Amino acid sequence: MILVGGATHRVGQEKRDWNEFREKILSYYPEAMEREHWEVEDCVSLDGIPYIGPYSDKTPNMYVATGFNGWGMTSAMTAAILLTDAIINGQKTNGATESYPWGEVFYPERKIVRSQYFANVKENVRENIKSFLTRKSKIND
């Protein structure tokens, strides 16, 4: 059995063509037979680093782990360890824990660089316009 990943897309973006992905896999493994497939819409944070930690300062017992940017299967372990440590041993206000002092890297309320914020806004506007024009052309047909 082989597990292959890679046909993901950002939330709200057009889905990728499964057939193109299958053909690529078969070019490497011509004898392969597909048993199952699924797709994921990847949440991507503004700076490309996952949000892992308390949802907000106002919700001390609510935690979040999202924005894995296509690396959910590998980043989930980091999230599990960090959140477990935060719940059992407590978390500092910057996201660091006793076992994970670098937890602040993933802290959901970290400061996001302004240029990253505007780059994300620009991409979202572009995708919304593209989606609107696609729907409009289908209506007019």
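A salt bridge is a side-chain nitrogen of Lys or Arg that lies within 4 Å of a carboxyl oxygen of Asp or Glu. By this criterion the structure, which is a predicted model, holds two salt bridges. Side chains of opposite charge can pair when their charged atoms come close.

One of these salt bridges is formed by Arg110 and Asp47, whose closest N and O atoms are 2.8 Å apart. Arg110 is placed in the loop between α2 and α3 (114–140), whereas Asp47 belongs to the loop between β2 and β3, so the pair ties together parts of the chain that are 63 residues apart in sequence. The two partners were also examined for their accessibility to the surroundings. Arg110 counts as buried because its relative accessibility is 14%, and buried means under 20%. Asp47, in contrast, counts as partly exposed, since its relative accessibility is 22%.

The other salt bridge joins the side chains of Arg22 and Glu34, with an N to O distance of 2.6 Å. Here Arg22 is part of helix α1 (residues 18–28), while Glu34 lies in the loop between α1 and β2, and the two residues, twelve apart, link distant parts of the chain. Arg22 is partly exposed, with a relative accessible area of 26%, and Glu34 is likewise partly exposed, with a relative accessible area of 44%.

Asp47 also takes part in the surroundings of Ser45, because a polar contact of 3.1 Å joins the side chains of these two residues. Ser45 is found in the loop between β2 (41–42) and β3 (51–56). With a relative accessibility of 4%, Ser45 counts as buried, the limit for that class being under 20%. When residues up to four places away in sequence are not counted, Ser45 touches Pro50, Tyr51, Gly67 and Arg110. Arg110, the salt-bridge partner of Asp47, is thus one of the residues that Ser45 touches, because their heavy atoms come within 4.5 Å.

The largest nonpolar core consists of seven residues, namely Ile52, Phe68, Ala79, Leu82, Leu83, Tyr100 and Phe106. Helix α2 (residues 72–89) supplies the largest share of this core, contributing three residues.

Terms used
Residues numbered from 1 in each chain as written. Predicted model: local features only at pLDDT ≥ 70, side-chain atom pairs only at ≥ 80, totals over all residues. Heavy atoms only, no water. Helix = DSSP H or I, 4+ residues; strand = E, 2+ residues; numbered from the N terminus. Buried < 20%, exposed > 50% of the residue type's maximum accessible area, 1.4 Å probe, protein only. Polar contact = N/O pair within 3.5 Å; in protein donor to acceptor, adjacent residues only side chain to side chain. Core = buried A, V, L, I, M, F, W, Y, C linked by side-chain atoms within 4.5 Å.
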